Amino acid sequence: MSTKRHLFMLVGILVLVGLWLFFYKVEILKLPLSPSGQSSVWTVEAQVNFDATIGRSAKAEFFIPPDQPYFHRLDESFVSRDFGVTIDPERDNRLSVWTIRHAPNKKQTLYYRAQFYFDEAYQGPPLSNRGTSERFVYRDAQRIAQQTIINNAREQSVDSLTFATNVIKSLNDTQEGNSSILLDRDYSAENIALTATRLLKGPNAEEGPNIVNRIVYGFELTQTQHSEQEVPVQIYLGIWDAEHGWRYIDPMNARVGLPNHFLIWQYGGSKPILSLEGGRNPQYIFSFIKREFNALNVAKEEALQNHSLLMKFSLFNLPLHTQEVYQVLIMIPIGALIILLLRSFIGIHTFGTFMPVLIALAFRKTELVDGIILFTLIVSLGLCVRFYLEKLKLLLIPRLSAVLSTVVILMMTLSVFSNQLGFETGLSVALFPMVILTMTIERMSIVWEERNAWEAILQGIGSLFAAAIAFVVMSNVYMEHLFFVFPELLLIVIAAMLLLGCYQGYRLSELVRFRELIKKNEY
Amino acid sequence: MSPITTYRKMKEMGILGMNGRNAEFIAQYNPRKFYPLVDNKLHTKSLAIKANIAVPELYAVIEMEHQVVKLEQILAPYSSFVIKPAQGSGGDGIIVIMGRRGESYKRSDGVLMHPDELKHHVSNILSGMYSLGGHPDKAMIEYRVEFDPLFREISYQGVPDIRVIVFQGYPVMSMVRLPTRMSSGKANLHQGAVGVGINISTGRTHSGVWQNHVVEHHTDTGYPVSGLDIPGWERLLSISAGCYELTGLGYIGVDLVLDGNKGPLMLELNARPGLAIQIANRTGLAPRLDLIKQRVLTHKEDAAARVLFVQEAFAS
């Protein structure tokens, strides 16, 4: 009994370790469970142009996208000949500072490029709850207009968000005198947003409304591919309250919420997106391209970015052709598990224990139906040759060699003929492992002679059947993906094998075999 | 009958399945290191001779290809003999020669074999065609058993043999295996021989099994197979029980033949005996094996005592 307990402990440990690694990779590293997952990845580019004075120093401060909810940054790069670049975190923002001591020519162009991957579940780092600190005091008619709008909004609102929407609604109302006075007839999004922040903050702390707010700049990453097309910057007004955190309002229509896939470039409007020292005509252009990437590659890239040790020591870091080999090899245990099931639960007879797994591997090159046809064809032809050679009374090894050579010739002939006839699969037989075929022929012929033809055919069919089932499972795209991305699942496969090893009950075939015995005992 | 009720009934009857046999008996009682003793019939034979267990006389062993050339010379003194691979399994590669006609050899099924054919067969044996795993093998030439006239009417050519399952030295179940036309004279149930259960305490046969079906008559000769008394049954049982000490394997099948002149001879041992014996005896092995498990906990007996115990315990 203690060996039983030992076994169950081992199985338990294997399953626990396997599942832990599996869930870690799924939950933390976000490796995808299914292979078909395509992730959208946007390559965003910002181009900064300005005129420098030749031989003089220049400094450009340019905001770059901060860490934010919903977007994983996979990779970023700065293209800036002769410029030094540093990145300063600035509250929620990231500011890149480009400096040069002696500008070599007048026209300067700097590039910032980054890849973003959209993930609905990603929350990003916590944001600060400080809004704009600037207070603006209106005078005269504007002061009266301000107070009217504030009082109206206060009456119609229940919290800071509704307050802010009401303010923006009245600012957008072109029929209203107060808003036109405040906005000076400039109904642009920027002006409305700026005016709204001033109104919501209030002229001083006592007077209020003291609503925490800030402007955000950014743009929507749309599904259509904007190739190298200039993207306008959009402005939203962020409102903070302790309960909900930051919520955003469109200054043009007072609608709440950011559009989907909105990439925030800068929080708060205290500094312009680009500011320049020692240069003129600053200009910046945004563009982006959307690409569909294999979800696996995206997750892999991101995990590598996070310097996950698990990813460093994973199959992904092997050279590609080695990866391909392992993609096949890693499925062999699955095939073995299936053969185990077929043999000890169903009781199917096969040639050798793992011959069917090898046949299944050979099917990978030909697909199932073609594989079975080719296999049957070559094995039966090979059997004929072997029986003929048997008549010549040759020794075992020369005969085996002759059969092997015949199999090669058979395969060549098949390929040539099928090529002439225009069949594709005939060619793939060339990669069909010959040794497997030869061994099958030899084993089958021994069973044929020593037992009988029926037994040989039965075992042949059993082997093909087992191979077909093993093939279907082993070549399943999901299975391949699962086991390649999560090789730790093999620990669970081993655990399953160990547990199956404990099964001492009857095989399905034995229920048939001993059926007579039970019938006779009934009367 | 649904598979589940079938399963339950089999369990009730104590029928031993393949998985159960492998896990509970072969894996636990048959240490792998002792396998060569039974897989190689030459080893088994020499062990048996040392222990004074009667075996068919060994005429010659052919080990090398150059000996095959001199095969006719080696065979010259013997009019009848058996050629078998030392490491063969399941009766594969065995040829029984009854006599000669001219320079040809006459097989037990009446077919004549040219000396060249016989040499080719021996070569095949040497190259490992019939051995487990295809290892190079040796060919044994030994005494051809002249089987007891008792079985004349219920066997089709070939030599009927008696299989006894011996668990930790206790013979637990036995059967006679009768060659048929289908088995081409071989006494192997896989190949179509008839298995006939034997009452272990009296040595009297009851019904038989052929291709997993219960039969009362021999499939070729039509004579009834039940109600025969095996002569020298006690002796046969004690030889079987003694085979346990030969190898140290706890769960074996002992194959014996009844020679008309020499009585029971031990042919070979099998470390993975089949399960069809249960159909022949219409009894499950499991309860008997369990009883022996209990017995060995409390008793340490010699072969004779073990035989007495099983004759009493399995009398019904």
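**Confidence**

I began with the elements of chain B: strand E11 (residues 213-215) of chain B has the lowest mean pLDDT among them, 83, and strand E6 (residues 139-142) of chain B has the highest, 94. This is a predicted model, and I looked up its scores: ipTM is 0.76 and pTM is 0.64. For chain B the mean pLDDT is 87, with 98% of its residues at 70 or more.

**Contact between the chains**

I looked up how many residues each chain puts into the contact: chain A gives 23 residues and chain B gives 28 residues.

**Helix H5 of chain A**

I turned to helix H5 (residues 189-201) of chain A, which has 13 residues. From its first C-alpha to its last it reaches 18 Å, close to the 18 Å expected at 1.5 Å a residue. I checked burial in H5(A) and found buried residues including Ile192(A), Leu194(A), Leu199(A), Leu200(A) and Lys201(A).

What do the buried residues of H5(A) pack against? I listed helix H2 (140-155), helix H3 (160-172), helix H4 (177-183), strand E7 (213-220) and strand E8 (234-241) of chain A. Last, I noted that Gly202(A) follows H5(A) and has a positive phi, near 90 degrees.

Conventions:
Residues are numbered from 1 along each chain as its sequence is written. Chains are lettered from A and ligands numbered from 1 in the order in which they are written. This is a predicted model: local features need pLDDT of at least 70, side-chain atom pairs count only at pLDDT 80 or more; totals for chains, interfaces and linings use all residues. pLDDT is the predictor's confidence in each residue, from 0 to 100. Helices (H or I, at least four residues) and strands (E, at least two) are DSSP runs, numbered from the N terminus. Two residues are in contact if their C-beta atoms, placed from the backbone, lie within 7 Å. The expected span of a helix is 1.5 Å times one less than its number of residues. A residue is buried if 20 or more other C-beta atoms lie within 10 Å of its own, exposed if 12 or fewer, and partly exposed in between; C-beta atoms are placed from the backbone.
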